[in-house]
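Good morning, and thank you for joining this group meeting.

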Amino acid sequence: MDNRYLTLQTLYRIVREETHPEQYLCTPRELVLHSTFGWELIHKHLQNLAEEGLVVLQQLDTPHCYITPLGMEKMQAVYAESASPDSLELLLRQEMGTEG
């Protein structure tokens, strides 16, 4: 699976319990704490996800990000169809067209 979607999944897990998840400004620190990737790789993933319209990057003192409604929909669909954590990767592959 393309690792950028794991970063999107991490962002989704951080914001999904918020009242307005699309308005939650996620910090680099939060992403690094919840991810297995380092900041440079996470930032690259976020740039790619921003090009796809799944996140919005905002440059403050450090880059911060929001998940977009499209990103929320994509992750909610994956989680709704997912019966187990093992099936999550397969569903993400199908959704992103990278079955293999």
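**A walk through the model**

Let me begin with Trp39, which is placed in helix H3. Helices here are DSSP runs of H or I with at least four residues, strands are runs of E with at least two, and both are numbered from the N terminus. Before I continue, please note that this is a predicted model, in which local features need pLDDT of at least 70, side-chain atom pairs count only at pLDDT 80 or more, and totals for chains, interfaces and linings use all residues. Residues are numbered from 1 along each chain as its sequence is written, and side-chain values use heavy atoms, with hydrogens and water left out.

Is Trp39 buried or exposed, or does it fall in between? With 26% relative accessibility, Trp39 counts as partly exposed. The term buried means under 20% relative accessible area, exposed means over 50%, and partly exposed covers the range in between, with a 1.4 Å probe and protein chains only. Setting aside neighbours within four places in sequence, Trp39 is in contact with Pro28, Leu31, Val32, Leu46 and Pro63. Contact here means heavy atoms within 4.5 Å. From C-alpha to C-alpha, Trp39 and Arg29 are 8.4 Å apart, and they are 10 residues apart in sequence.

Another residue of helix H3 is Gln47. Gln47 is partly exposed, at a relative accessible area of 37%.

The protein has 100 residues, of which 38% count as buried. Its accessible surface comes to about 5900 Å², and 47% of that belongs to carbon and sulfur atoms. These areas come from the Shrake-Rupley method with a 1.4 Å probe, and for residues only the protein chains shown count as cover. Among contacts between residues at least 6 apart in sequence, 52% join residues at least 24 apart.

I turn next to a pair of helices. In general, two packed helices are described by the angle between their axes and the distance between the axes. How do H1 and H3 pack, and at what angle? H1 and helix H3, residues 39-51, pack at about 90°, and their axes are 9 Å apart. H1 is therefore roughly perpendicular to H3, a label used for angles of 65 to 115 degrees, while under 35 counts as roughly parallel, over 145 as roughly antiparallel and the rest as oblique. H1 contributes Asn3, Arg4, Tyr5, Thr7 and Leu8 to the contact, and H3 contributes Ile42, His45, Leu46, Asn48 and Leu49. By class, this contact of H1 with H3 has 5 nonpolar, 4 polar and 1 charged residues. Ala, Val, Leu, Ile, Met, Phe, Trp, Tyr, Cys and Pro count as nonpolar, Asp, Glu, Lys and Arg as charged, and the others, Gly among them, as polar. The axes themselves are lines fitted to C-alpha atoms, for helices over the stretch in contact, and angles run from 0 to 180 degrees between N-to-C directions.

Thr7 of helix H1 deserves a separate mention. Thr7 is buried, with a relative accessible area of 1%. Leaving out residues up to four places away in sequence, Thr7 touches Phe37, Ile42, His45 and Leu46. Thr7 and His45 are 38 residues apart in sequence, and their C-alpha atoms are 6.7 Å apart in space.

Two loop residues follow. Ser35 is located in the loop between H2 and H3, and counts as buried at 17% relative accessibility. Not counting residues up to four places away in sequence, Ser35 touches Thr10 and Ile42. Thr27 is found in the loop between helix H1 (3-15) and helix H2 (28-34), and is partly exposed, with a relative accessible area of 25%.

Finally, I come to the cysteines. How many disulfides does a search of the whole structure find? The search finds 0 disulfides, a disulfide being a pair of cysteine sulfur atoms within 2.5 Å. Cys26 counts as buried at 1% relative accessibility, and Cys65 counts as buried at 0%.
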